[in-house]
Amino acid sequence: MAQLIGGLATSHIPAIGGAIHKGLQNEPYWKPFFDGFPPIHQWLGKVKPDVVVVFYNDHGLNFFLDKMPTFAVGAAATYSNADEGWGIPTLPPIPGCPDLSWHLIRELIAKEFDIVTCQEMLVDHACTLPFKLFWPEHAVAPVQIVPISINTVQFPLPTAKRVYKLGKAVGEAIRSWNSNLRVAVMATGGLSHQLDGERAGFINKQFDLQFLDSMETNPEWATQFTDLELVEKAGTQGVELLMWLAMRAALTVAGSGVRKVHSNYHIPISNTATGVLALETV
């Protein structure tokens, strides 16, 4: 059976891609953020995942307000990165893992998740930037991917409880996959931020730190909140923390525990609270 080795999470702010492209990682504005990654690079060099299941939110490349699936799973052989207008250089196509994709799709539907299956799927900065952060020396990360898009844009959003159940089902499906490959799960987005309206620039450090602590010690903590309560506490775009919740839920299968490899929190980057986290299953 496949080995679920751990989970990764990071913010995916477009400005990060610009900083990487311009070589600004050691500038005072950026250094506190990028300093959070070297310990995770070392860990990834040891555990060497073969496949990464990515929980992310699409920003209009595949879905828009007129057609917004709650959950969508990629089942493509490759995933192309398209120009989003942020001035970030596009990356070469990322290889998919269709065998795991279809296994996940079958298992999720069997567990009564109504998902959209995407045999063609563009990926935006929410999916691609984390790979440049976690594998900075590679033009394309040395892994295959399975992208899972979670709606954090069009209300009503999936509840935190529903997302947690999705993540747990994904973890169970990975564990039952007939393969000898090593699989990691990744979350991208957040933490607290709001880009529009009266609360533009809103950041909630206390909530973010509680949430980060819960990722290690109490993974179901955030499931107590409704979607609107999460907006109140984390901001309209801060609900991207749902991806983190799915990632963490995937690591709870079969009574697995986790060990924190490393975490980092820094505010602000482009009006956003940024978080980085790596957890290893034990």
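Reader: Hi! Which residues does Ser149 touch, not counting residues up to four places away in sequence?

Author: Ser149 touches Tyr56, Asn57, Asp58, Phe63, Thr70, Phe71, Ala72 and Met121, a contact being heavy atoms within 4.5 Å. This is a predicted model, where local features need pLDDT of at least 70, side-chain atom pairs count only at pLDDT 80 or more, and totals for chains, interfaces and linings use all residues. Residues are numbered from 1 along each chain as its sequence is written, and side-chain values use heavy atoms, with hydrogens and water left out.

Reader: Is Ser149 buried or exposed?

Author: Ser149 is buried, at a relative accessible area of 5% (buried is under 20%, exposed over 50%, partly exposed in between, with a 1.4 Å probe and protein chains only).

Reader: And where does Ser149 lie?

Author: In strand S8, residues 144-150. Strands (E, at least two residues) and helices (H or I, at least four) are DSSP runs, numbered from the N terminus.

Reader: Zooming out, how many helices and strands are there in the protein?

Author: The protein has 9 helices and 11 strands.

Reader: What share of the residues is buried?

Author: Of the 282 residues, 56% are buried.

Reader: Nice. What box do the C-alpha atoms fill?

Author: Roughly 45 × 40 × 40 Å, taken along the principal axes.

Reader: And what about contacts with a separation of 6 or more: what percentage comes from residues 24 or more positions apart?

Author: Those residues account for 80% of such contacts in the protein.
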